[in-house]
Amino acid sequence: MKNFTVLILVFVSLSSYSQGITFQKNTNTAAQKFNLVQKLNKSGDSLILATDHKKIKQVDILNYEYLETFEINNSNAKIGLSHLSIGNYVVQARIGRHWIVMYLEKRDLKAEGLKTTDGNINSNVKEIVTKNSISSVSSTIDTSNLLQLNENKMYWVVYESNTQFASHRNMGLKYADEIYDLINQIELEMKSEVAKANTLRVYEVFDKSEFMRKQLKNKNYHKRKSSKLFNVNPIYNSEDKRKSITSL
């Protein structure tokens with residue numbers, strides 16, 4: 001019986017690691033009170049949360065370089081995790097006045113030499129995390145108006161997706177090459193019907209560690225009117241870009 005139990009534990013561990021993401025759920029009294037379901041889906045690329053009837057107001061995924069907020073307002077949620085970078089994350093779900101804290105880790109399986117299976121992940125617009133369709137827009141990218149960013153610096157980026165089905169805010173420290181990709185993406189989205197309400201703002205950060213300490217304490221810190229830690233005026237704002245396009 002002891003050997004059988006060990007084999008089960010090994011199998012469960014390998015099964016979790018084969019997906020690249022391990023998840024630690026919350027078992028405290030608050031989670032039990034709401035009968036909160038906390039698990040990864042079968043393919044291990046999404047987080048499933050559900051209660052019997054109480055609404056999950058929002059879910060945050062964060063670490064010291066990243067903060068993503070999902071407005072849920074429903075008794076269940078499916079949140080995609082495949083976009084997360086390698087690292088450890090805190091997941092916190094707000095139910096009523098309670099915050100239920102969970103943890104997840106994303107690992108680089110290829111670097112560790114573990115066997116992985118690639119699969120196509122299809123998104124549904126009715127899920128909490130939506131993937132905006134911009135297939136009708138030309139994929140030709142105009143790079144002539146891109147910012148000249150310092151490739152050795154990190155910038156604070158705020159991306160908001162707003163559709164008729166759901167909205168979520170993705171914030172994090174990113175390097176120049178990632179920001180260029182996001183600018184290309186948002187400027188295509190501005191030309192589409194589905195994603196035209198999405199927004200992107202990029203802020204220059206002067207003191208990364210102190211800025212993140214403040215930001216993690218207050219997720220709206222980047223909206224301050226003055227600060228010595230970052231430039232409160234975005235160096236890129238898709239709203240300004242949209243206005244300049246519509247004025248032509």
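Student: Tyrosine 66 first: is that one buried or exposed?

Tutor: Tyrosine 66 is buried, its relative accessible area being 10%; buried here means under 20% relative accessible area, exposed means over 50%, and partly exposed is what lies in between, with a 1.4 Å probe and protein chains only. This is a predicted model, in which local features need a pLDDT of at least 70 and side-chain atom pairs count only at pLDDT 80 or more, while totals for chains, interfaces and linings use all residues. Residues are numbered from 1 along each chain as its sequence is written, and side-chain values use heavy atoms, with hydrogens and water left out.

Student: What does tyrosine 66 form with tyrosine 89?

Tutor: The two form an edge-to-face aromatic pair, 6.0 Å centre to centre and with 85 degrees between the planes. For such pairs, rings of Phe, Tyr and Trp (its six-membered ring) must have centres within 6.5 Å, and planes under 30 degrees apart count as stacked, over 60 as edge-to-face and the rest as tilted. Tyrosine 66 belongs to strand β5 (residues 66–74) and tyrosine 89 to strand β7 (residues 87–95), so the pair ties together parts 23 residues apart in sequence. Tyrosine 89 also counts as buried, at 5% relative accessibility.

Student: How many aromatic pairs does a search of the whole structure find?

Tutor: The search finds six aromatic pairs. There is also one aromatic cluster, formed by Trp156, Tyr203, Phe211, Tyr221 and Phe230.

Student: Switching topic, how far can I trust the chain, meaning what is its mean pLDDT?

Tutor: The mean pLDDT, which is the predictor's confidence in each residue from 0 to 100, is 78 for the chain, and 74% of the residues reach 70 or more. Over residues 1–19 the pLDDT is below 50, and this stretch has ten contacts in the model beyond near neighbours in sequence, a contact being heavy atoms within 4.5 Å. Residues 115–144 also have a pLDDT below 50, with 45 contacts beyond near neighbours in sequence. Where pLDDT is low, the predicted coordinates should not be read in detail.

Student: And the secondary structure, what does that come to?

Tutor: The chain has five helices and twelve strands, which are DSSP runs numbered from the N terminus (helices H or I, at least four residues; strands E, at least two).

Student: Which residues have the most contacts inside the largest nonpolar core?

Tutor: They are Ile56, Val59 and Ile61, in a core of 24 residues; a nonpolar core is a set of buried Ala, Val, Leu, Ile, Met, Phe, Trp, Tyr and Cys residues joined through side-chain atoms within 4.5 Å. At least two residues of this core come from each of α2 (29–33), β3 (46–50), β4 (56–63), β5, β6 (76–80), β7 and β8 (98–106), and β7 gives the most, with four residues. A second, separate core of 15 residues includes Leu62, Leu67, Trp156 and Met212.

Student: Why is β10 largely enclosed by the rest of the structure?

Tutor: β10 is largely enclosed because seven of its eight residues are buried. Strand β9 (residues 155–162) runs antiparallel to β10 and is joined to it by eight bridges, and glutamate 160 stands opposite arginine 169 in β10.

Student: Which strands form the open sheet, and in what order?

Tutor: Three strands form that sheet in the order β2-β3-β6, with antiparallel pairing, and β2 (37–40) and β6 are the edge strands, each pairing on one side only. β3 and β6 pair over five bridges, and leucine 49 stands opposite alanine 77 in β6.

Methods. Pairing = 2+ DSSP bridges.
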